[in-house]
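Reader: Could you walk me through some contacts in this structure, please?

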Amino acid sequence: MRIVIAAVGRLKEGPERELAANYRKRAEAVGRAFGWREIEIVEIRESRAQDAERRRVEESIAIANVIPERSVIVILDEHGTSVDSATLAARLGEWRAEDRPAACFIIGGADGLASTLRERSRLTLAFGTATWPHQLVRVMLLEQIYRAGTILAGHPYHRA
């Protein structure tokens with residue numbers, strides 16, 4: 001199973017990019033033991049449309065075009081459900097057992113995502129009720145994917 005992170009915007013050079021790369025590398029290494037093929041990050045260009053709704057639609061179309069067929073879609077949104085790391089790991093394990101080709105995590109732009117894309121999601125995930133910068137959300141997501149991998153692999157990184 002592939003893990004795909006589709007994110008609106010680019011992660012610029014700096015500590016966030018380095019930390020994201022570190023967690024990505026660690027998650028890929030731990031995930032190989034149980035069938036994660038890779039973690040692919042697709043950066044979607046921010047829409048330049050004047051209207052917020054138009055920006056949502058354009059960015060959502062671009063995201064929809066990179067979602068692999070039969071993927072489980074997970075949207076990150078401050079109004080989503082907060083799940084603990086063990087629950088996220090269990091979900092990833094279930095999706096792998098369903099023989100899904102990919103789990104696609106979507107980080108939308110500043111204006112959010114179009115409802116058509118939201119309706120396709122299997123889970124809407126929140127990292128609490130606070131609003132987080134997109135750069136930190138990507139790092140936090142990669143850390144949680146790594147943590148989920150360690151849970152599934154029985155690695156001591158996660159101690160509950």
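Reader: Is Glu 38 buried or exposed, or partly exposed?

Author: Glu 38 is partly exposed, at a relative accessible area of 34%; buried means under 20% relative accessible area, exposed over 50%, and partly exposed in between (1.4 Å probe, protein chains only). This is a predicted model, in which local features need pLDDT of at least 70, side-chain atom pairs count only at pLDDT 80 or more, and totals for chains, interfaces and linings use all residues. Residues are numbered from 1 along each chain as its sequence is written, and side-chain values use heavy atoms, leaving out hydrogens and water.

Reader: Which side chain does Glu 38 meet in a salt bridge?

Author: That of Arg 2, at 3.7 Å from N to O; a salt bridge is a side-chain nitrogen of Lys or Arg within 4 Å of a carboxyl oxygen of Asp or Glu. Arg 2 lies in strand E1 and Glu 38 in the loop between helix H1 and strand E2, so the pair ties together parts 36 residues apart in sequence. Helices (H or I, at least four residues) and strands (E, at least two) are DSSP runs, numbered from the N terminus.

Reader: What about Glu 40?

Author: Glu 40 also forms a salt bridge with Arg 2, at 2.5 Å from N to O.

Reader: And where is Arg 138?

Author: Arg 138 is in helix H5, 95 residues from Glu 43 in strand E2. The two form a salt bridge, their closest N and O atoms being 2.9 Å apart. Arg 138 is buried, with a relative accessible area of 5%.

Reader: How many salt bridges does the whole structure have?

Author: The search finds 13.
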